[in-house]
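These notebook entries record what I looked up, topic by topic. I begin with a term that the entries rely on.

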Amino acid sequence: MRTRTTVWQLPPCIAVAVLAFPSALGAQVTYDVSFPNAAHHEAVIMLTLSGLPPEPIQVLMSRASPGRYALHEFAKNVYGLTAVDGAGRPLTVRRTAPSAWEVGAHDGTVRVTYTLYGDMGDGTYAQIDPSHAHLNMPATFLWVRGHEQEAIRVRFQPPAGSGWKVATQLVPGGDPHTFTAPDLQYFMDSPTELSNYTERAWVVRTAGRADTLRMAVHHQGSEGDVDGFVDAARRIVHQAAAVFGELPPFDHGTYTFIADYLPWMSGDGMEHRNSTILTSRRNLGESAPALLGTVAHEFFHAWNVERMRPRALEPFDFERANMSGELWFAEGFTSYYGRLLMIRAGLIDLPAYARGLADGVSHVVNAPGRRLGGPVDMSRQAPLVDAATSVDPTNEANTFVSYYTWGAVLGLALDLTLRSRFELSLDGFMRLLWQRHGVPEIPYTLENLEALLSEYTADRSFAADFFDRFVRGRDVPELEPLLARAGLDLRREDPGEAFLGSVLLAYDDAGATLVSAPEIGSALYAAGLDRGDVILRLDGGPLRSDEDWRRVLSRRRPGDVLEIVFTQRGFQRTAALTVAANPRLAIVPIEALGRDVSPAARAFREDWLGARP
Ligand SMILES: [Zn+2]
């Protein structure tokens, strides 16, 4: 289907008038948010409920956030919590759990006031400072058990003279700083940025609908930087819509990109139903290609995970972690498409695209964690690894393989197999999934995905084999012949290069400390070295710099044996290291190797990677 787009800029006042959504001003749940101490990262939030029966109420802070898979104790940044009734009389407040408070008998109205501290600007937490209030809702707002279905109204009061505007997927509610949400799930899925951001908007028409795409960019660059960024984002949107034949039917006809590219942010990207949060400490002008990769990934999520959703993620639980064995698809296939949209949109070239594929394939093929489980097992570990910083170290490098990377490699393998063997494509499969599970939204299971692949290919044994070996199992599909169809050569990057292991080293006068643990199968692991050990001498010389390390590797060949002297937990040890060959894989367009690309390979490439009209 052809997509016609037009672009114009909407000043914020018009944007509000144009987007006149139905509001829910009769809501019983209201939040009032102010920032009297923004320099010290505090917001003051008042939650008001009225029309209540007289029983005590239970007030909770979330422990999970939509799009994040691990638990976060957001209550740690909530303090000074007090409550009054409708007449302003103080009510008893009892903390019943680390993230729960009980407010005692009242007159039908309860006002809970608390201070929120936030200084983490990303897709999960909150950051309040004189430049903005960047609020992820579960990290910001208390909620009341039993009132999850009620409409919510939120009123923001920006600091005097700040001129802050509000970028959000929440529904505009009467004035520029008041918004509503139909229920708690939607409210919590609606991160909000208050700042003096730069705004652009454009309209995309697909499937007889007109959707408004908005871009709010809070940054320190120029208007021209934003124009270039928006132009690239429009191309990504176009290529993504071409995969499914239409944009998702956005609620209220609007999708909002909320981007913060500032030195005090942390790098992140987080998908939501009708918006995404994009954050980086990098500068828009210099880092646009890297930042656009996140735009493509998060926008593809508007279909894959926001509307075509694993059943295991429904309904989202704000108190416990949802566990899903389908994240290799929900995240991994989204990662595959993020890069694919970039090359189809002309934002990266073939060599760069091939290098990105090689990074993923190389990582998965060589990952020692693969011996412990397949993509489904790895997906189920998301609550333990997804931004789940712990105090005690883990052995993740040897026990875990990212479902993002592994899933992206599976996406590549399935796409190339569908194209080579069936004259079908992953685009076609995604479109079928969209018809069955996207409109209307019917959450899917692993079994649904397999049945759909069987239906799409009309080959039940192929689908069963793919899922048994590569999804539930731990095998990696044979990619070399598949890539060859597109004139891409999968090869060892440099099989003659000496390799001892991939570790982070910190150098000082004594030697080199292993900051990370060596991976199973490496020479360093086999020689007994581990994290925290200090290498005193390597191959007869000191090891005090990266240059020393590279010098040893460059003069040695795979199969050589060299001596390593190191200290480990108070003991000095000497061991023999057997040099291995660099296991890294490369994917190279064959023309770069001086070979001709056949017409068939050219056509295969164009069909796979070429821009959609
Ligand atoms: Zn994602």
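Entry 1, the term. I count two strands as paired if DSSP finds at least two bridges between them. I also note that the model is predicted.

Entry 2, the open sheet. I looked up the strand order and found E5-E8-E3-E2-E12-E15-E14, an open sheet of 7 strands with mixed pairing. Strand E5 (78–85) and strand E14 (171–172) stand at the edges, and each has a single partner strand, so one side of each lacks a neighbour in the sheet.

I then examined strand E2 (residues 29–37) and strand E12 (residues 152–157), which pair in the parallel sense over 6 bridges. Opposite Tyr31 I found Val154 in E12.

Which residues coordinate the zinc ion? I found His297 (NE2), His301 (NE2) and Glu331 (OE), at 2.0 to 2.1 Å. Along the chain, the donors of the zinc ion follow the spacing H-x3-H-x29-E. I checked the burial of the two histidines as well: His297 is buried, and His301 is buried too.

I located His218 in strand E18 (residues 209–219). Is His218 buried or exposed? Its relative accessible area is 7%; buried means under 20%, so His218 is buried. I then listed the contacts of His218, leaving aside neighbours within four places in sequence: Ser131, His132, Glu193, Ser195, Tyr197, Ala259, Asp260, Tyr261 and Leu262.

Definitions and conventions:
Residues numbered from 1 in each chain as written. Predicted model: local features only at pLDDT ≥ 70, side-chain atom pairs only at ≥ 80, totals over all residues. Heavy atoms only, no water. Helix = DSSP H or I, 4+ residues; strand = E, 2+ residues; numbered from the N terminus. Buried < 20%, exposed > 50% of the residue type's maximum accessible area, 1.4 Å probe, protein only. Contact = heavy atoms within 4.5 Å. Donors = N, O, S within 2.8 Å, 3.2 Å for Na, K, Ca; no water.
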